[in-house]
Amino acid sequence: MELKIQGVSKSYGSQLALQNLTLNFKPGTIAILGPNGSGKTTLLRCLASLTRPDRGQLWFDGFPYSKNLKRLRGQLGYLHQDLDLPASLTPRRFLEYLATLKDGSTPGQVDRLLSALSLEEIADRPFARLSSGQIRLAGIAQAFLGCPMLLLLDELTHGLDVEERERAFALARRLVPERLILYSTHEPADAERMADRMIVLSQGQVIFFGEADDLRQQAQGAVHQVTVPAGEIIQGIVTAHRDVYFGKETTVRVIGQPPSDYPASIVDPSMEEAYLWLLRGSTGVEKI
């Protein structure tokens, strides 16, 4: 199974959401990172055939979308960024109804998904009585109905607590490497932990596509640990908010050239720091 994006662009009025994207995906897990407005949701909506690109072509399993939509949608699982589910419906009834519409759904799959996401105890409560995290997990479950070969998950962990995120990740990991999973996130650490590769979008363009180690490598030598007087504000640079206080001094991790007035040493970048370093360059902010 293969998914191809060839020269895809999409605009909303004068706003260019995607700019000439060309990418090629095979089974595995791909995280899509980027600031708000970078094109993550538009890309996933195009891949889900919910939004038509202005230019370019999308290919699924060797066929263009225009000639393969029925098969594509039969193999597709999609999670919308914002869920608006009927308040009176329960997770079980919601999933059972969608299972009757979804190709490939098997007997017992609804119960297995409820169990995998620890939703059994609240499966028969109406959505009006559930937390936002529980509603989100029910939305994630519906994306997995029918064992789709292509999963598109917009803000997979949005609104989930630590335990709920782990359940969602565990469910997704069971499907790799047979399927292709693309999910958007604002969390670089989650992307590193969950994904085989990651895409970083900025202003509708791909500024990185590769493995986490490759992204870290780009920021090698750019992150410093600096010791400054407690309460000192360092102007003109980006920090990763990793302050450690020792009496009258503070140790700060700095992305970019450290101030010459204070002791500094190069440290290995975290994924968040490497991501911020990359974004600074893509938006025209001087890195050093």
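**A colleague's note on the predicted model**

1. The axes of helix 5 and helix 6 (residues 162–173) come within 11 Å of each other and cross at roughly 5 degrees. Axes here are lines fitted to C-alpha atoms, for helices over the stretch in contact, with angles from 0 to 180 degrees between N-to-C directions. Helix 5 and helix 6 are therefore roughly parallel, a label for angles under 35 degrees. Which residues in helix 5 meet helix 6? They are G133, Q134, L137 and I140, facing E164, R167 and A168 in helix 6. Contact means heavy atoms within 4.5 Å, and helices (H or I, at least four residues) and strands (E, at least two) are DSSP runs numbered from the N terminus.

2. A word on the basis: this is a predicted model, where local features need pLDDT of at least 70, side-chain atom pairs count only at pLDDT 80 or more, and totals for chains, interfaces and linings use all residues. Residues are numbered from 1 along each chain as its sequence is written, and side-chain values use heavy atoms, leaving out hydrogens and water.

3. On confidence, the mean pLDDT (the predictor's confidence in each residue, from 0 to 100) is 88, and 90% of residues reach 70 or more. Please note residues 283–288, where pLDDT is below 50; beyond near neighbours in sequence, this stretch has 11 contacts in the model.

4. You will find 2 aromatic pairs, meaning rings of Phe, Tyr or Trp (its six-membered ring) with centres within 6.5 Å; planes over 60 degrees apart count as edge-to-face. F25 and F209 pair edge-to-face, 5.7 Å centre to centre with 75 degrees between the planes. This pair links strand 2 (residues 15–25) with strand 10 (residues 205–210), 184 residues apart. F25 is buried at 0% relative accessibility, while F209 is partly exposed at 30%. Buried means under 20% relative accessible area, exposed over 50%, and partly exposed in between (1.4 Å probe, protein chains only).

5. F94 and F127 are also edge-to-face, at 5.7 Å and 80 degrees. F94 lies in helix 3 (residues 91–101) and F127 in the loop between helix 4 (109–116) and helix 5 (132–143), so the pair ties together parts 33 residues apart in sequence.

6. Two serines deserve a look. S49, in the loop between helix 1 (40–47) and strand 4 (55–60), has a positive phi of about 65 degrees although it is not a glycine. S118, in the loop between helix 4 and helix 5, has a positive phi of about 55 degrees.

Methods: Phe/Tyr/Trp six-rings, centres within 6.5 Å; stacked < 30°, edge-to-face > 60°. Parallel < 35°, antiparallel > 145°, perpendicular 65-115°, else oblique.
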